Amino acid sequence: MSGFGGAIKLQGESEYRKALSQINQSLREVSSEMKVVSSSYDANDKSAKALSAQDEVLNKKLDEQEKKLSILQTEYARMSTEYDSSTKNHENLVKSYESEKEKLAQIEKELGTSSKEYQDQKEKVDSLQQEVIKSTKAQDDNEKSMSKMREQINNAQADCNKTSKELENLGKSETDSGKKATDASKNFENLKNVLADMGKVVAGAMTAIGA
């Protein structure tokens, strides 16, 4: 008998693997870009230029990480469909095996082990037994593949969350930096006004003395 069980596999050199390889390469490039940005500015540099450079790279990183997560989730959905089908086939195979074993026991009881009917049925049962063994192994491999994919998805989601948090913190730094710049500008304007008022006072005093 055939058509029972079967191992599910990643799509080898398919679009899935190609896309994932490209994403991983992009993430390596972004990582290198981040190192360049980090080395270009002091760790405590909160200037608009430094923050903007970090923001740009982090957004690139998050974009690639989200693409990777989407690719993994799509592949997991495909694998899940195959896994469900494989599981049903395996269950049907086991049921068929148990049913044929019962027939073998009945033939043995009625005709004995030396009869042709028994020998034919025994051959059928033995063949099914080998298929069950292979199918069981395939199911174990399938479960490991699914588990591995779930782990990759969880890791990819964690990476996205981490980068999102970094962007959130960077946004706060940009807001604080902008506020400080605004405050400094206001202080400078206030100082100019104070100096202008002082100039008027001095000018008035000089006029009074001259009078």
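Which residues of helix 1 are buried? They are Tyr16, Leu20, Ile23, Leu27, Val30 and Val37, where buried means under 20% relative accessible area, exposed over 50% and partly exposed in between (1.4 Å probe, protein chains only). Keep in mind that this is a predicted model: local features need pLDDT of at least 70, side-chain atom pairs count only at pLDDT 80 or more, and totals for chains, interfaces and linings use all residues. Residues are numbered from 1 along each chain as its sequence is written, and side-chain values use heavy atoms, with hydrogens and water left out.

**Helix 1**

- Helix 1 covers residues 15–40, 26 residues in total; helices here are DSSP runs (H or I, at least four residues), numbered from the N terminus, and strands are E runs of at least two.
- From first C-alpha to last, helix 1 reaches 37 Å, close to the 38 Å expected at 1.5 Å a residue; the expected span is 1.5 Å times one less than the number of residues.
- An α-helix has 3.6 residues a turn, so residues three or four places apart point the same way.
- Ser26 sits in helix 1 and counts as partly exposed because its relative accessibility is 22%.
- Ser26 and Glu64 are 38 residues apart in sequence, yet 7.0 Å apart in space, C-alpha to C-alpha.

**The nonpolar cores**

- The largest nonpolar core has 19 residues, and those with the most contacts inside it are Tyr16, Leu20, Leu69, Ile71, Leu72, Met149 and Ile153. Such a core is a set of buried Ala, Val, Leu, Ile, Met, Phe, Trp, Tyr and Cys residues joined through side-chain atoms within 4.5 Å.
- Helix 1, helix 2 and helix 3 (116–210) each supply at least two residues of this core, with helix 2 giving the most, eight residues.
- Leaving aside neighbours within four places in sequence, Ile71 is in contact (heavy atoms within 4.5 Å) with Tyr16, Ala19, Leu20 and Ile23.
- Another core, of eight residues, lies apart from that one; among its members are Tyr97, Leu104, Leu128 and Val132.

**Ala156 in helix 3**

- Ala156 belongs to helix 3 and counts as buried, because its relative accessibility is 5%.
- Skip residues up to four places away in sequence, and Ala156 touches Leu69 and Leu72.
- Ala156 and Leu69 are 87 residues apart in sequence but 5.5 Å apart in space, C-alpha to C-alpha.

**Glu75 in helix 2**

- Glu75 is in helix 2, residues 48–111, and at 3% relative accessibility Glu75 counts as buried.
- The side chains of Glu75 and Arg78 are joined by a polar contact of 2.7 Å. That term means a pair of N or O atoms within 3.5 Å; within protein, one must be able to donate a hydrogen and the other to accept it, and residues adjacent in sequence count only if both atoms are side-chain atoms.
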